[in-house]
Amino acid sequence: MSGPDLRRAAAARALDLVAPGMRLGLGTGSTAAAFVALLGERVRAGLDIVGVPTSEATRAQAESLGIRLATLDEQPELDLTIDGADEVDDQLRLIKGGGAALLREKIVACASRRMVVIADAAKHVARLGAFPLPIEVNPFGLNATRRAVEAAVAGAGCSGAVWLRGGPDGKPLVTDGGHYILDAHLGAIPDPDALGAALWAVPGVVEHGLFLGIADAAILAAARDGQAEVTVLGSLA
């Protein structure tokens, strides 16, 4: 069974949580895109919801499917956000930002009554950190910020290289908010809370990809006997 099949299975289970009239945060990335595609089918069948996208890519996809959209200023309180994750542990702590949308993703998730993660079960890890941690930074003073980030990482008991993420044109990748991304290749994060606090103390850091105490549940899809088996961490209630 392929990755797209598993992403679709997780997305389909999350679609069961959507009720008419909901205000939904729409995540970014391949798994979130699978959810938006299924949501578009339900909307065409008559489901009335309003979505708040977490990236311009998600906005374009949702608009193409006829999903009614609003900004977070227009809908500042959301019922539910469905989004993917690059890693999720047993405590529902996440690493997000592989798609460079972590700032808007975290703002939208924190404006929601519930956040539910959908992912391939391979994203479920015993310890965060194998996936490089994205850190969104202001371009001004980049080298100084990078040095401070490296010091914060070391002070939080982590080790590894911090690289500036490049775009397809060979230049630094620029987020929807006009920022750069530093990726911290740490291997393991022994204390995510300590690292998150240390990064927040660095001037120039706009947001980091540690989502701590935000997700309420994770829907994980794994292949078993040629079929998708869906399990849930946390509570969907």
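Two strands count as paired if DSSP finds at least two bridges between them. Helices (H or I, at least four residues) and strands (E, at least two) are DSSP runs, numbered from the N terminus. The model is predicted: local features need pLDDT of at least 70, side-chain atom pairs count only at pLDDT 80 or more, and totals for chains, interfaces and linings use all residues. Residues are numbered from 1 along each chain as its sequence is written, and side-chain values use heavy atoms, with hydrogens and water left out.

Strand 4 and strand 5 run antiparallel and are joined by 2 bridges. Here Val-88 faces Leu-94 of strand 5.

Now look at the loops on either side of strand 5. Most residues other than glycine have a negative phi. Leu-92 is not a glycine, yet its phi is positive, about 60°. Leu-92 sits in the loop between strand 4 (87-88) and strand 5 (94-95). Its relative accessible area is 10%, so Leu-92 is buried (buried means under 20% relative accessible area, exposed over 50%, partly exposed in between, with a 1.4 Å probe and protein chains only). Ala-100 also has a positive phi, near 65°, and is a residue other than glycine. The loop between strand 5 and helix 4 holds Ala-100. Ala-100 is buried too, at 12% relative accessibility.

Strand 8 (residues 161-164) pairs with strand 9 in the antiparallel sense over 4 bridges. Ala-161 has His-185 of strand 9 as its bridge partner. Strand 9 (residues 180-185) and strand 7 (residues 133-137) run antiparallel, joined by 5 bridges. Strand 7 is also antiparallel to strand 10, with 3 bridges between them.

On a 1 Å grid over the protein atoms alone, a cavity is a set of points where a 1.4 Å probe fits but cannot get out. A pocket is an open set with protein on both sides within 12 Å along at least five of seven lines, and lining residues have an atom within 4 Å of a point. Grid points are joined across faces, edges and corners, and a volume is the space filled by probe spheres set on the points.

There is 1 cavity of 30 Å³ or more. The largest cavity has a volume of about 50 Å³. Its lining includes Thr-54, Ala-100, Arg-104, Glu-136 and Asp-176. Helix 4 (residues 102-110) gives the largest share of that lining, 3 residues.

The largest pocket has a volume of about 280 Å³. Of its 18 lining residues, Gly-29, Ser-30, Ala-85, Asp-86 and Lys-123 are the closest to its centre. Helix 2 gives the most to this lining, with 3 residues. By class, the lining holds 3 nonpolar, 9 polar and 6 charged residues (Ala, Val, Leu, Ile, Met, Phe, Trp, Tyr, Cys and Pro count as nonpolar, Asp, Glu, Lys and Arg as charged, and the others, Gly among them, as polar).

The second largest pocket has a volume of about 150 Å³. Among its lining residues are Val-52, Arg-59, Arg-104 and Ile-107. Helix 4 supplies the largest share, 3 residues. This lining has 5 nonpolar, 1 polar and 2 charged residues.
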